[in-house]
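Student: I have the model open beside me and would like to go through it piece by piece. Could we begin with the terms and then move on to the fold?

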Amino acid sequence: MTKDQQQTIATSQTQSRVAVPQQQTDVATGVGVPARRVAALHGAVLLFYTGLALLLTWPLAINLGIAYPATPGEGAQDLWQNLWNLWWVSESWQRRINPFFTDVLFYPQGASLLFHPLNLTSGVLGLPLRALFGQIITYNLLVLLSFLLSGYVLFLLARQCGCSVVAALLGGLIYTASAFHFFHLRLGHLEQISMQWLPLYALALDALLRRPTVRRVLVTAMALLLVIFTSLYMALYAALLTGLWVVWRLGVWLRAQRQDTATLLIRPAVGFAAMCGVVLAVVGSVLLFPMLGELQQTTYAVRTIEDAARGSSASADAILPPASHPLRAWLAFPQPYSPGAFLGFVPLLLALYGAFRQTQVGARWLVLAVVAWLLSLGPALPLYHALYEFPLLQVARYPDRFTILVLLGVAVLAALGIDALLKRWSGTTLHGVLGGLLLVVTLGELYPGLTPLTPPIDNPLYRTLAQEQTGSSVFELPINRANNTSVDMGSQTIHGQPILYGALARNVPRIPFEGMPLIRELEFPDQPRDIVVQTAEERAATLRFFDLHHLIYHRMNENGPVTPPTAAELSRVAGVPIQEIYADDALVAYQIDFSNGPNTLSPFMAIGEGWYNLETTDSGPQRWLGSGAGQLSLYAPAEMTVALRLTALAYQQERTFDVYVDDQLVAQVQVPPWRETLTTPPFALSGGRHTLRLVPVEPGTVPRDVGDGNDERPLSMVVFELALEGQP
């Protein structure tokens, strides 16, 4: 080749490079296409899913700042909890404290949030939104974002699997318009509504295992962190997906007859290990190791496998449609055990066709869907028992939520099925008609109707309390209001003051103060007091211990309207001045004023089973011991030595009673047939809850049998007062 020829070729190549429009790699397909075309495509897709999100959640869009998308009443209890989660992440950020422990619930003890679905991911995303728009709009924008992104990310995943644009669009629709999504939307489960992070992680992991780079390591690690900090359940699902994807990668290497090991095995392994290292560096110190440490010290988070069975799906739930399904008008389907498990008849048929027509691409998605479906059945199958052997997995209680992985696999397989169908009719007029028909039929089957809306909690009193800087606690009564603990958490997001209650996903160790005589009498000051007593000094110390300055009494409980007590009645019970500071048609608020003094919480008791009904006489309240053992719930704030003091008399003759604490005999008392105050020898108690039992050594006497009236109850002892005396 002459120099002139070489120069001509070089010039031609230069001109070609200049003439070609700017190219970039489409993340959805891996094929180089013009940048403008990529932007236009993805802009149109995002616009499609934005419109779909507005349609699926309608009329939320026109109520964005005045209501939440959730079923009112009992169904909204988890909504208030998830609103609290968003508020607490913001609060902990402002205070620069660990978000996985809160000091404003179960005050002043606080509570660990390690095993609570805090949804840190949504909380962090909501930080700027809360600052700009407030709480209501922030929650609703996160909901809309979940519908938009769930569809869009599944679209990207389907495109990566080789699906056409139309097929991928419909795959995203199947995923985001699923019964699972709507079911958890109506229950206010924001951590389950946030379905977008799992397919995003699958997309990133797929790219990492195909061709690892530093950027893909970091992107995959970030996607996995979004999953983990959304929900521990989501983290479990990501672990299962990861295991299957690693096995798939090994299969690719084996099918290649172990050739090109560096590209197919070693580099992906190094990239995957690096990604895991990044994630562990973040999650280990913040979440994983503290959780393992807490599991070693406590048992409150561990669930029995029988508990898990109650949260399982039934085998037919995937094909049992919800009440909104069109076929319910013609066919009498049984009711599903797990309403969010329905996959849709059209998506299932398309997924089966996709698995059949595109076996090589769809095989791993089919395996994912089948394995997840088997796990969703819970302990009914041995597979879940094997999973339960892992310590951290013993905290799970809802196997039916594996449905999200089933749904993920079905959505991708359905996209593959649609792609295969459209290819069969490509180049014909039926191609576009078929795509439109599938869109209408799929949406028609999955759309559940208008989204129910729940009004926000709002009262001028809460906004007034928010202006106070005291940090003293607030307690709301009556206790038997519907969803009172969850609703009180919702109220706390407005007033911001500590509360004595809380509704977390796990029964964290806490003070069972609601059984305390002071609290029971504050709730019902017009009713006779019971036989368990607290002295005036103990009541004042209890108020100081809880730093309880505000009492709110609602005019409604779960049974209907109630009349709030007067400030004078409450003051008589508490033994300190109490004054009314606010009243409206919904509630009355009081301020408690107490002087400085001891704030040590004394051990206390509450009446349990085994006692006859409370009787009121001229000499005060009394209870007869039942025919068996009389139980008392006992709480000791710390390890201490206590003695039981009782004022009682035995029926007709002296009787002996054994005193048991947690089935251990600690004392014995001789009760004479006249009223007398007795004190047991001191016995040791560990801090926490206990059960105390008074057990008569000999059976009681029936008064009618001995000619003493018509009382047919076996009587052994009547008690006038019970109290604990103790010190650390």
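Tutor: Let us start with pairing: two strands pair if DSSP finds at least two bridges between them. Helices (H or I, at least four residues) and strands (E, at least two) are DSSP runs, numbered from the N terminus. This is a predicted model, in which local features need pLDDT of at least 70 and side-chain atom pairs count only at pLDDT 80 or more, while totals for chains, interfaces and linings use all residues. Residues are numbered from 1 along each chain as its sequence is written, and side-chain values use heavy atoms, with hydrogens and water left out.

Student: Fine. Which strands make up the open sheet, and in what order?

Tutor: The open sheet has 4 strands in the order E7-E8-E12-E11, and its pairing is mixed. Strand E7 (473-477) and strand E11 (578-583) are the edge strands, each pairing on one side only. From one strand to the next the twist averages 25 degrees.

Student: What sense does each pairing have, then? Start with E11 and E12.

Tutor: E11 and strand E12 (residues 587-592) pair in the antiparallel sense over 5 bridges, and tyrosine 582 stands opposite alanine 589 in E12. E8 and E12 also run antiparallel, joined by 5 bridges, with histidine 554 opposite leucine 587 in E12. E7 and E8, by contrast, pair in the parallel sense over 5 bridges, and there valine 474 stands opposite histidine 550 in E8.

Student: Why is E8 described as largely enclosed?

Tutor: Because 6 of the 7 residues of E8 are buried, E8 is largely enclosed by the rest of the structure. Buried here means under 20% relative accessible area, exposed means over 50%, and partly exposed is in between (1.4 Å probe, protein chains only).

Student: And what lies across E8, E11 and E12?

Tutor: Helix H23 (residues 567-574) lies across strand E8 (548-554), E11 and E12, and runs at about 140 degrees to E11. For that angle, axes are lines fitted to C-alpha atoms, for helices over the stretch in contact, and angles run from 0 to 180 degrees between N-to-C directions.

Student: Changing topic, how many residues are in the largest nonpolar core?

Tutor: The largest nonpolar core has 145 residues, and those with the most contacts inside it are Met275, Trp365 and Leu405. Helix H17 (residues 403-424) gives the most to this core, with 15 residues. A second, separate core of 30 residues includes Leu518, Leu548, Val573 and Phe604. A nonpolar core is a set of buried Ala, Val, Leu, Ile, Met, Phe, Trp, Tyr and Cys residues joined through side-chain atoms within 4.5 Å.

Student: What does tryptophan 365 touch?

Tutor: Setting aside neighbours within four places in sequence, tryptophan 365 is in contact (heavy atoms within 4.5 Å) with several residues, among them Leu157, Trp245, Leu408 and Val412.

Student: Is H17 itself enclosed or open to the outside?

Tutor: 20 of the 22 residues of H17 are buried, so H17 is largely enclosed by the rest of the structure.

Student: Now H14. Which of its residues are buried, and which are exposed?

Tutor: Val346, Pro347, Leu350, Ala351, Gly354 and Ala355 are buried in H14. Seen down the axis of H14, these buried residues fall within an arc of 165 degrees, so they line one face of the helix; the arc is that of the directions from the helix axis to the C-beta atoms. On the other side of H14, Leu349, Leu352 and Phe356 are exposed.

Student: What do the buried ones pack against?

Tutor: The buried residues of H14 pack against helix H6 (165-176), helix H15 (359-376), H17 and helix H18 (430-446).
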